[in-house]
Amino acid sequence: MAEKTENHDRRIDYVEFNVADIAAAKAFYGSAFGWRFTDYGPNYCEFDDGRLKGGFTDFGPVRPGGPLVVVYASDLEEVLTSVERAGGTICRPITDFPGGRRFHFLDRDGYELAVWAAA
């Protein structure tokens with residue numbers, strides 16, 4: 001994920017698609033839109049459309065209802081507390097990944113989002 005600064009705090013930062021086949025997703029989006037790609041191992045690929053970055057992963061099930069929206073946080077624990085106070089439900093606790101940490105939550109309507117912080 002891209003380098004972050006304080007002015008990104010609590011803003012949508014990344015969009016993540018669970019896909020069945022990363023190579024097929026790269027071929028489709030590269031051909032259709034000219035996106036560029038950076039591979040981070042066999043299970044993750046970052047895309048760059050020239051304005052927004054996101055990722056393709058096969059770690060989770062395909063979600064035909066939409067991609068995972070990822071929000072950046074300067075203080076991950078503080079934002080987790082804010083999400084809980086606002087009525088959100090933590091569905092995946094804080095976990096490490098290469099480059100940072102993240103958690104997932106469900107909003108009041110059941111939409112799943114993630115929040116991440118740099119390592």
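Which residue in β3 is the bridge partner of Thr-38? I looked it up in this predicted model, and the partner is Glu-46.

**Entry 1: around β3**

β2 and β3 run antiparallel and are joined by 4 bridges. They make a hairpin with 4 residues between the strands, and in that turn I found Gly-41 with a positive phi of about 90°.

Then I went to the other neighbour. β3 and β4 are antiparallel too, with 5 bridges joining them. Phe-47 has Gly-54 as its bridge partner in β4. This pair is also a hairpin with 4 residues between the strands, and Gly-50 in the turn shows a positive phi of about 100°.

Is β3 enclosed or open? I checked burial: 5 of its 5 residues are buried, so the strand is largely enclosed by the rest of the structure. Side chains in a regular strand alternate between the two faces of the sheet. Here I see Tyr-44, Glu-46 and Asp-48 pointing one way, with Cys-45 and Phe-47 pointing the other.

**Entry 2: helix α1**

I took α1, residues 22-33, next. Its 12 residues reach 16 Å from first C-alpha to last, close to the 16 Å expected at 1.5 Å a residue. Its buried residues are Ile-22, Ala-25 and Tyr-29. Among the elements covering the buried residues are β1, β2, β3 and β4.

At the start, a side-chain oxygen of Asp-21 comes to within 3.0 Å of the backbone nitrogen of Ala-23. Just after the helix, Gly-34 has a positive phi of about 75°.

Most residues other than glycine have a negative phi. Arg-10 is not a glycine, yet I find its phi positive at about 65°. Arg-10 sits in the segment before β1 and is partly exposed, with a relative accessible area of 40%. I also looked at Val-71: beyond its sequence neighbours within four places, its contacts include Arg-10, Ile-12 and Trp-116.

Terms used. Residues numbered from 1 in each chain as written. Predicted model: local features only at pLDDT ≥ 70, side-chain atom pairs only at ≥ 80, totals over all residues. Heavy atoms only, no water. Helix = DSSP H or I, 4+ residues; strand = E, 2+ residues; numbered from the N terminus. Buried < 20%, exposed > 50% of the residue type's maximum accessible area, 1.4 Å probe, protein only. Expected span 1.5 Å × (residues − 1). Contact = heavy atoms within 4.5 Å. Polar contact = N/O pair within 3.5 Å; in protein donor to acceptor, adjacent residues only side chain to side chain. Pairing = 2+ DSSP bridges.
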